[in-house]
Each structure stands twice: as C-alpha cells, then as structure tokens.
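Good morning, colleagues. Please bring up the sequence and the structure, and I shall take you through helix packing and charged pairs.

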Amino acid sequence: MFSKFKKSPSGGFDYLIVGLGNPGLQYEKTRHNVGFRAVDKLCDELGTKCDRSKFKSLYTDAKIGDKRVLILKPQTYMNNSGQAVTEAMKFYKIPIGNVIVISDDVTLDVGRLRIRAKGSAGGHNGLKDIIELSGSDEFPRVKIACGQKPHPDYDMKDWVLGKFPKEQEKEIEQIISLAADAVECIVKTDINTAMNRYNR
C-alpha cells in the first residue's frame, strides 16, 4: 500500500516517530507504555511536548539534525495503534520506511534494547495493527526489553499492563533514554549505524 523510499516526503516531514502505549493514568509506567515514555524522553531532549491533538493522537513536530519529524503518541489504545499511524502517514505522505516505532518487548530480559529495520509483529498487538493497516512490515522499530513472564501460564495481559518492580525502574529509565538516543541516531545517520551502536 505504501512505497518505501528515503527522500523527504512531499508533506513536509522526513520521519514519523511513534511511541506505542495506552492512554490514561492507570497505564502510566506499565510495561506496555515504555514507548510513550521514550517519546516523552525524546521530546524533553528536543525541547518540545506531545500535547497537541490530531490523528487520534497526541503529537508534536521537531527537528532532529536537518530532518523535520512528526512525533506521535496514539490515543487509540494499543491494539488500534495502526489507525493513528496510517492517518498521519497518509495525511503527510510519509513512506512506511520513514516510520520509526518504539514499543515494548516482553521476549527479552530487562536491560536490553533491540533495533530492527523491519520484521513481523512478534506477537505485539500494536505492531500487528500497524502492519495490517499499512500493508507493510518494512518500518524501523526500537524495542525496549521489559522482561519475560515469570512462568508460562501467567496471563500476558496482566504482565504487559503490570508495572515494573522498584528495583528495575532505574535500569528501565536508562534503557528508555538509550531508545530516545537510538531514534535520533536513525534519523541523523541510518538504521545500520543505530543497530551497531545501540543493540544490546
């Protein structure tokens, strides 16, 4: 549905940066909301805030190096993240290859960061919805490790909507900060440089 190319899109934005999460105070600092937190960290570094409303999202725009970026926090709830993402893509004619998505990953131990140029949803419903509605899985993603379930029969919904224990919070904050730095690296250089520098 959306072609992949690297030149600046005609809509005026070079990249769309999306942090995935759920809206509402009850979801703050849950495992599923690390994407929101990484976007907030990125906005802090860029001197802006996601506080305007459009595309079923809170959004802002900023410059990273010489690139103009649209930063999005979908307010659709995680499972419908694709609605917000594809609306913004279509409106500004941003190609799928220039959409950077930050999400949680509950298949990796806390403390790790995984950057990928493309790939399947890996069981993540937010990524799944973006792939289904955009028609492509060829978009960069920055995945923040949130730890695996303590045992196989533990309910996944309870796990991703649970909060980190206090002893992990400092480490999570560090990885969230690295995720924000990785996004800036992707925009300023390229995905391969970011993977080599930040994958851990």
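Predicted model: local features only at pLDDT ≥ 70, side-chain atom pairs only at ≥ 80, totals over all residues.

Residues are numbered from 1 along each chain as its sequence is written, and side-chain values use heavy atoms, with hydrogens and water left out.

Let me start with the helix pairs. Two packed helices are described by the angle between their axes and the distance between the axes. Axes here are lines fitted to C-alpha atoms, for helices over the stretch in contact, with angles from 0 to 180 degrees between N-to-C directions. Helices (DSSP runs of H or I, at least four residues) and strands (runs of E, at least two) are numbered from the N terminus.

Consider helix α5, residues 166-188, and helix α6, residues 191-198: their axes come within 8 Å and cross at roughly 150 degrees. That makes α5 roughly antiparallel to α6, since angles over 145 degrees are classed so, those under 35 as roughly parallel, 65 to 115 as roughly perpendicular and the rest as oblique. On the α5 side, the contact (heavy atoms within 4.5 Å) includes Leu178, Cys185 and Ile186, and on the α6 side it includes Ile191, Arg197 and Tyr198. By class, this contact of α5 with α6 has 7 nonpolar, 1 polar and 2 charged residues. Here Ala, Val, Leu, Ile, Met, Phe, Trp, Tyr, Cys and Pro count as nonpolar, Asp, Glu, Lys and Arg as charged, and the others, Gly among them, as polar.

Helix α5 also packs against α1, at an angle of about 60 degrees and with the axes 8 Å apart. α1 and α5 are therefore oblique to each other, and α1 passes α5 in a right-handed crossing. Among the residues in this contact are Arg37 and Lys41 of α1, and Glu169 and Glu173 of α5. The contact of α1 with α5 divides into 9 nonpolar, 1 polar and 7 charged residues.

That brings me to the charged pairs. How many salt bridges does a search of the whole structure find? The search finds 7, where a salt bridge is a side-chain nitrogen of Lys or Arg within 4 Å of a carboxyl oxygen of Asp or Glu.

One of them joins the side chains of Glu173 and Arg37, at 2.8 Å from N to O. This pair links distant parts of the chain, with Glu173 in α5 and Arg37 in α1 (residues 34-46), 136 residues apart. Is Arg37 buried or exposed? Arg37 is buried, at a relative accessible area of 13%, whereas Glu173 is partly exposed, at 38%. Buried means under 20%, exposed over 50% and partly exposed in between, with a 1.4 Å probe and protein chains only.

Glu87 forms a salt bridge with Lys56, the closest N and O atoms being 2.3 Å apart. Glu87 lies in helix α2 (residues 81-92) and Lys56 in the loop between β2 (52-54) and β3 (57-64). Shared partners also join Arg37, Glu169 and Glu173 into one salt-bridge network.

Finally, helix α3 (residues 125-134) has buried residues including Leu127, Ile130 and Ile131. The cover over the buried residues of α3 includes α2 and β5 (99-105).

Definitions and conventions: Left-handed = near helix turned anticlockwise from the far one by under 90°.
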